[in-house]
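Trainee: Hi! Could you walk me through this model before I start working with it?
Mentor: Happy to, here it is.

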Amino acid sequence: MKAALELDFLINQNELDKSLRDIAQKVKDNQRISFDEGVYLYEHAELNYLGIIANYIREKKHGDKTYFNRNFHIEPTNVCVYDCKFCSYSRLIKNKDEGWEMQVEDMMDAVRKYDGIPVTEVHITGGVVPKQDLAFYAEFFKQCKAHRPDLHIKGLTPVEYYYIFKKAKLSHYEGLKYLKEAGLDSMPGGGAEIFHPEVREKIAADKCNAEQWLDIHTQAHKLGMRTNATMLYGHIEEFWHRVDHMERLRKLQDETQGFQAFIPLKFRNKDNQMSHVPEVSVVEDLRNYAVARIYLDNFDHIKAYWAMISRETAQLSLSYGVDDIDGTIDDTTKIYSMAGAEEQTPAMSTQELVELIRKVDRHPVERDTLYNIVTDYKDVEFEEQEKASYYDLPVINK
């Protein structure tokens, strides 16, 4: 295997820093790297070195497979009680005229748009407002499941749940159990930002803290739900803050095995209170994916959101530890575009995703939310451009 040969080359490269050779040997021996070694990778490892090790791990876990799914987003509101400094998406309640707040029926209209279309997941997240409470989401989940039982509901982040459950006077476990019984299937990974209070209190002081975020995921895992995890990087944090963040995730994963994917989210500086902070380069994006793949040895998947980092960077990331590039999205999210992402109208057809993956000699696999294979596109050829450009349908934001 080419990846194994490249790793052996690093280990035997006498000109290479001994600490870096030792880390490469640890990876080959299937040993976990330490916190200090994680920081050392960020501070001293070059991109090529990180790519070789991350790709070795990626191919050991998944071979050439690259996963995607057919999904769409519903963003119930962009009005929010919280004031995150990095956020370009939300509007404070005092400025709510600039935002939208959907009703349950509006959200069901968004679901009904996909009747007869083979999407497998609806991803729901947005701002936090008092009237979109426990009863609101329970009602939507019930109606959604009644209308389309096969559609996987991946809904809300700990930021939203913390507020909702506190308002309902329920524990995290009780609240999640109630919503699971209403139809909730799994939870996305947003709202993690950076866990360490030294950073979190500067960029997102008024929402749930790291312990509360982690506990909500813990309770979801106890209920048998799978979840994802994110990290917002490339702003005012230092490298050790990133490693601290991943260390907390790695420890929880050791306990619960409930996380599926880790998704590094790049800080974008358009139209927010941190616009003075420059964005990091594509090289740093790739380095970050690679370190994440090396450090989070107990996470099955590292995901890159192509809509946030661009299609081209997503392709590059597949050589730096990433094995999942998310899904069709269908231009149903404004979170990325409002923050200045390259994709201002993020939508790709299945054929486009398959061809994007193939162009970098990877093996495209459509999955469902839980990584069951829906279609293996290894030998599938498209006779013509996909019909039914369902990604051209208008977004319902009321």
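What follows is a chat about the helices, sheets and cysteines of this model.

Trainee: What kind of model is it, and what pLDDT do local features need?
Mentor: This is a predicted model, in which local features need pLDDT of at least 70 and side-chain atom pairs count only at pLDDT 80 or more, while totals for chains, interfaces and linings use all residues. Residues are numbered from 1 along each chain as its sequence is written, and side-chain values use heavy atoms, with hydrogens and water left out.

Trainee: What about contacts between residues 24 or more positions apart?
Mentor: They account for 76% of the contacts with a separation of 6 or more. A contact means heavy atoms within 4.5 Å.

Trainee: Let's do helix packing. At what angle do α2 and α4 cross?
Mentor: Roughly 10 degrees, and the axes of α2 (residues 18-28) and α4 (residues 47-62) come within 10 Å. The two helices are therefore roughly parallel to each other. Axes are lines fitted to C-alpha atoms, for helices over the stretch in contact, and angles run from 0 to 180 degrees between N-to-C directions. Under 35 degrees counts as roughly parallel, over 145 as roughly antiparallel, 65 to 115 as roughly perpendicular, and the rest as oblique.

Trainee: Which residues make that contact?
Mentor: On α2 they are L20, I23, A24, V27 and K28, and on α4 they are Y49, I53, Y56 and I57. By class, the contact has 8 nonpolar, no polar and 1 charged residues. Here Ala, Val, Leu, Ile, Met, Phe, Trp, Tyr, Cys and Pro count as nonpolar, Asp, Glu, Lys and Arg as charged, and the others, Gly among them, as polar.

Trainee: And how do α7 and α8 cross?
Mentor: The axes of α7 (residues 158-168) and α8 (residues 172-182) come within 9 Å and cross at roughly 100 degrees. That makes α7 roughly perpendicular to α8. Y161, Y162 and F165 of α7 meet H172, G175, L176 and L179 of α8. This contact divides into 5 nonpolar, 2 polar and no charged residues.

Trainee: Switching to sheets. What is the strand order in the open sheet of 4 strands?
Mentor: The order is β10-β1-β11-β12, with mixed pairing. Two strands pair if DSSP finds at least two bridges between them. At the edges stand β10 (324-327) and β12 (373-376), each with a single partner strand, so one side of each has no neighbour in the sheet. On average, neighbouring strands are turned by 30 degrees against each other, direction ignored.

Trainee: Zoom in on T66 for me: buried or exposed?
Mentor: T66 is buried, with a relative accessible area of 0%. T66 lies in strand β1, and its bridge partner in β11 is P364. Strands β1 (residues 65-69) and β11 (residues 363-367) pair in the parallel sense over 4 bridges. Leaving aside neighbours within four places in sequence, the contacts of T66 include R58, L318, D323 and I357.

Trainee: What's the order in the sheet of 3 strands?
Mentor: That open sheet runs β7-β8-β9, with parallel pairing. Strand β7 is joined to β8 (residues 259-266) by 6 bridges, and M231 has P264 as its bridge partner in β8. Helix α11 (residues 239-256) packs on this sheet, touching β7 and β8, and its direction makes about 170 degrees with that of β7.

Trainee: Last one: how many disulfides are there?
Mentor: A search of the whole structure finds 0, a disulfide being a pair of cysteine sulfur atoms within 2.5 Å. For C80, the nearest cysteine sulfur is that of C84, 6.5 Å away. For C84, the nearest is that of C87, 6.2 Å away. C80 is buried at 8% relative accessible area, and C84 also counts as buried, at 10%.

Note on methods:
Buried < 20%, exposed > 50% of the residue type's maximum accessible area, 1.4 Å probe, protein only.
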